[in-house]
Amino acid sequence: MAASFLVAATLAGTGCIGNIGGNDEGSLLGPGGPGGPGGPGGPVDVATSGLRRMTPAQYQNTLRDLLGDPALVLDLDADEGEVITQLAVDKLRGAAAAVVGRRQSWTVQPFPCDTSGADDAQCVEDFIRTFGRRAFRHTLADDEVLRLRTVFTKARATQSFDGSLLVVLETMLQSPDLYYFLELGRDPSGTGIASGVRPLTGWERATRLSYFLWNTLPDDELLDAAEAGELDTADGMRAQAERLATHDRGRDTFKGFFSDWLELDGTKKHPSLITANKDAGLYPADSPELREAMRIETEALVERVVFDGDGRFETLLTSNEAYVNGLLAELYGVDGPSGDAFEWVKLPSDERAGLLTRAAFLTVFAGVEVKSPIRRGAHVLHEVLCIELGPPPPPNASDVPVKGGSVDEDGNVVNRTIREDVVAKTSNGVCNNCHSIINPVGFTFEHYDALGQWIDTEEGEGADGAYSLPIDASGALPGAGADSAAVDGAVEMSAALGRSAEAQSCLSKRFFESALRRVPIDADLASVDGATEVTQSGGTLTDLVVALATSNAFLHARLPEDDQ
Amino acid sequence: MRRSPTRRNFLRSAAGLCVALPMLEMTHGKLWAAEGKAKRLVVFFSHGGTITRRSRTGTLDDQYAPGAWHPYDLWKPGDEGVNLTTLGEEMAPLDAVKGDLILLRGVDDSAGSAQGDYGGKHGCSNVTSLTCADTTDGGDDAEALGPSIDQFVAQRLAEESPTPFSSIDLMVDGHNYGEPLYRASGERISSERNPGPAFDRLFKDVTETDSGPTPEQLRIRAYKQSVLDGVLEQLNAMRARVGKADAYRLEAHADHIRALEKQLEALDNLASCTKPDVTNAPFSEGYGNYDDGGMQDIVGPMHVDILLAAFRCGLSNVATYQIGDLLTDWLPSPYNTDLGHSLGHAGLAVGQDGAESDRLQDWRATIVANRNWRMDLFGKVIQGLKDTPEGDGNMLDNSILLFTSEFSCGGDHSPIDMPCLLAGRAGGKWTTGKHYNFNKAAKSDPSQFDYDTDTSLHNVYTSILHGFGWDDAHFGNDNCYKQGPVSELG
């Protein structure tokens, strides 16, 4: 934590708006610090939270699993604003109708009777209670059952018995009880909880746990544990968190987390791995199949380390194992399969180490023609080290072309490497505030071109003919004075990041954001730090998510003030 | 990917030109005999700005890199006269309908410049350009704290002359840094990116005959009604258990369910009409990629057909049509950049003293082609309305169309001298074929290097409200130079 302070102070001093780990200066003494609310020894405190919407992926997974229809694909509105849009509501209606229309594909039959037969009141009741428990993630109270039975009764005036049951099903599939995460908690028992904070009920904890680790609804075992009160205890939560995290369904969670971490699906600022444009003349090896293989390779490494390996973050950043097909083997210049089949191979250990040195990340964080040390460096700072850089100064400087090549320097034609071009274009006063931190990180990636291929020299056609320039991949990770770590190349940098306390703390923060879908505030820091301690003392990534899932922030809620 | 014309495509084009409209649609129009005010609004929002040079400070120069900026202003007309006779190159595809246009220049998004972190900024400019509203923080994640002009009008019209859909919101997908459409404070509007689902949503339940619904159709309608009633009951029950903020969210959800119920009812009473053809419509894969590569030739025109058919069928009187910031489908020829958005910024490097001065013409060709394509789509909407009889005239006579963006010069994030192109006669209230430049320095400075205006989008949108016959004194927040309408429009 002390190191973070120094870095924050350093960045503030440069004028590059910086903030590390969500930890503002003075926060150790304020909320979240020892003895303060949310801090060690202080009362349990968490951020205020309200009703949350399911993500489109969560909603699709939920409907898929409710009816056992693995091929289900829904057209949903991508907007994730706090207030649902008209289009999103219309698409929820369409999705619920689409699911009902796919009745032939259901492998889970929701109706416990022959619906083509005579009316069967018990069947209606059993359907509502059984299906409702799964869909709404709790055992329904009598008034909830009555409300849905009334929907059935009203529908029966115009529909058949079967049709009326479908009306109830379609209602439930787009009901707010399914779609929203409502967390009202229960009255606290005992002391040690800040005013206004409430422990979540077992049902609410089951829901949080399941959507964090599986991105879909809780299974019956988890619901049973909630109903039996097992999730009201730390041991009970831990047992279920461990079960979910190590379950096969957890594989997608870890793969998805690290794909997000590398922003392989694109963001506002750059396209996805699939859509990132490359110059076909410069990169003849490129193809949609190669991009697909890059993604498979990245996810396979995550899966191998987390589920079959030592489970450690450091290994994810240092392993030179790679799951490659013919296209990727060629890209990496290694012996391996020649066709479409994938095999595990070892990449040259002086060229590759872990996720940040693989083609997927290096392709996304590069331009059409050339690599982008600035974007690569900025991503590592932001996503891996949680250093929040300020926006580029006006005019938005991020699009000034930085491509190297021939330039006129005092009447002489000089050929510049991309690194030299970056230095030339970012060293003036205002640019240098941030680029003095970004560039040394980004420069460590200089040996990888815009498709992630290893290069020993930069070749180009200059004003005086062809040129070949040596590559300098020396750089540094940020820090103040002795804490600033000089590294040469991305292999060394990855190893340093794997050991870095800041990177591990940042990883906990990123997992926290994935678990609770919000940015941690001071009151949450004890929960984040607790998870970091687990990995710093040799714990695995599974241990990390279990620590978060059993942290105070995960187990409690603070309702908006007017609700208290 | 260009497709050879097929019979189906030809038919779709024919429908777009309103050839041989069924009689019912003609008579439907008669219900809308001109009453001396607008009946219909189209907002065409082209993300990423225009080919202009007006910076955030109002000058034509880039104060941070003098000489590096491209030298073009292709938005301005051929002369400064009040009659719009020669269009700028960017607007060239509108030449056939230039007599139906009103070009306003010297209009600022002053709500954006007052609140944006550095006088612009993507997020803030997006959320202020149609709302003129206060924002949450002025940054890239800003939310508008008021409705956009299209939704404001839509809600008024929904009360005065209800239609099944209060607005129809379409988008050619791209790469955007913000959403300009707001239903209310903090409540965004989502736009449909795909023609197929847009068709299903709008036209699936429109009957194609006037013989009345069959018993099976009635049963299906009752089924849908029962489901919506059920969802509404569930929402009401949950709302009773939560606090104010969450109740607000659930009430918005319930509002949307009630809107769906009204649609069901209204569609039942709708005359039959011609549906657009969306056969083989491509599907968006994000970032301006459609799965069949047909964004330019298929998706863009298909959205126009959907919009026009929806108006002709009486499904709505308000439509928005967004085009995402420059789309990857266009690239990499001839100017190569990694993101569409970058092309706008590349305009800051292709000038005489810029880093890529040798690529000026490639840059120009690429951005002109893209902006002309957008204008052509806007022109198709204008022409389609003009070709549709209504009352004693045509739909365009009774409409107001607005073409705008979140920026003037995209590369500089400039909310000054915004693109503000109007079309339609607002039921006879507006005289078209006009050009008004509110830059007070323009008369004495032919190059218009200097800039001085007291007109903002607040004034234009107030005029639009007046065009609908409402006498609002002001639209939007107080970040304006003056209140009231643009006097030239009334």
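Leaving aside neighbours within four places in sequence, which residues is D417(B) in contact with? The first legend below takes up this question, and the model shown in every view is a predicted one.

**Figure 1. D417(B) and its surroundings in a loop of chain B.** D417(B) is found in the loop that runs between β9 (399–404) and β10 (420–423) of chain B. Its contacts beyond four places in sequence are R54(B), R105(B), G106(B), V107(B), D108(B), S408(B) and Y451(B). With R54(B) there is also a polar contact, side chain to side chain, at 3.2 Å. D417(B) has a relative accessibility of 15%, and because buried means under 20%, D417(B) counts as buried.

**Figure 2. Two residues of chain B with positive phi.** H413(B) sits in the loop between β9 and β10 of chain B, the loop that also holds D417(B). The phi of H413(B) is positive, about 55 degrees, although the residue is not a glycine. H413(B) is buried, its relative accessible area being 2%. A426(B) belongs to the loop between β10 and β11 (434–437) of chain B. A426(B), a residue other than glycine, has a positive phi near 50 degrees. The relative accessible area of A426(B) is 0%, and A426(B) is buried.

**Figure 3. S129(B) in helix α4 of chain B.** Helix α4 of chain B covers residues 122–129, and S129(B) is part of it. Is S129(B) buried or exposed? With a relative accessibility of 0%, S129(B) counts as buried. The side chain of S129(B) reaches the backbone oxygen of N126(B) at 3.2 Å. Not counting residues up to four places away in sequence, S129(B) touches F45(B), D109(B), P180(B), S405(B), E406(B), M418(B), L457(B) and Y461(B). D79(B) is 50 residues from S129(B) along the chain, and the C-alpha atoms of the two are separated by 27 Å.

**Figure 4. Helix α21 of chain A and what covers it.** Helix α21 of chain A spans residues 525–536, twelve residues in number. From its first C-alpha to its last, α21(A) reaches 16 Å, close to the 16 Å expected at 1.5 Å a residue. Which residues of α21(A) are buried? They are L525(A), S527(A), V528(A), A531(A), T532(A) and T535(A). Seen down the axis of α21(A), these buried residues fall within an arc of 165 degrees, so they line one face of the helix. An α-helix has 3.6 residues a turn, so residues three or four places apart point the same way. Among the elements covering the buried residues of α21(A) are α20 (501–516), α22 (541–549) and α23 (552–555) of chain A. After α21(A) comes G538(A), with a positive phi near 100 degrees.

**Figure 5. Helix α3 of chain A.** Helix α3 of chain A has 16 residues, 86–101. The distance from its first C-alpha to its last is 22 Å, close to the 22 Å expected at 1.5 Å a residue. Twelve of the 16 residues of α3(A) are buried, so the helix is largely enclosed by the rest of the structure. The buried residues of α3(A) include Q86(A), L87(A), A88(A), V89(A), D90(A) and K91(A). Others among them are L92(A), R93(A), A95(A), A96(A), V99(A) and V100(A). For the chain as a whole, buried residues make up 58% of the 564 residues in chain A. Chain A has 23 helices and twelve strands.

**Figure 6. The interface between chain A and chain B.** Contacts across the interface involve 65 residues of chain A and 69 residues of chain B. About 5600 Å² of area is buried between the two chains, and carbon and sulfur atoms give 57% of it. V83(A), Q86(A) and K268(A) supply 11% of the area that chain A buries against chain B, more than any other three residues. Q86(A) is also one of the buried residues of α3(A). For the complex, the predictor gives an ipTM of 0.90 and a pTM of 0.90.

**Figure 7. Residues 1–33 of chain B.** The average pLDDT of chain B is 87, and 89% of its residues score at least 70. Over residues 1–33 of chain B, pLDDT stays under 50. The model has 46 contacts beyond four places in sequence for these residues. Where pLDDT is low, the predicted coordinates should not be read in detail.

Key:
Residues numbered from 1 in each chain as written. Chains lettered and ligands numbered in written order. Predicted model: local features only at pLDDT ≥ 70, side-chain atom pairs only at ≥ 80, totals over all residues. Heavy atoms only, no water. Helix = DSSP H or I, 4+ residues; strand = E, 2+ residues; numbered from the N terminus. Expected span 1.5 Å × (residues − 1). Buried < 20%, exposed > 50% of the residue type's maximum accessible area, 1.4 Å probe, protein only. Arc of directions from axis to C-beta. Contact = heavy atoms within 4.5 Å. Polar contact = N/O pair within 3.5 Å; in protein donor to acceptor, adjacent residues only side chain to side chain. pLDDT = per-residue confidence, 0-100. Buried area = accessible area lost by both parts, 1.4 Å probe.
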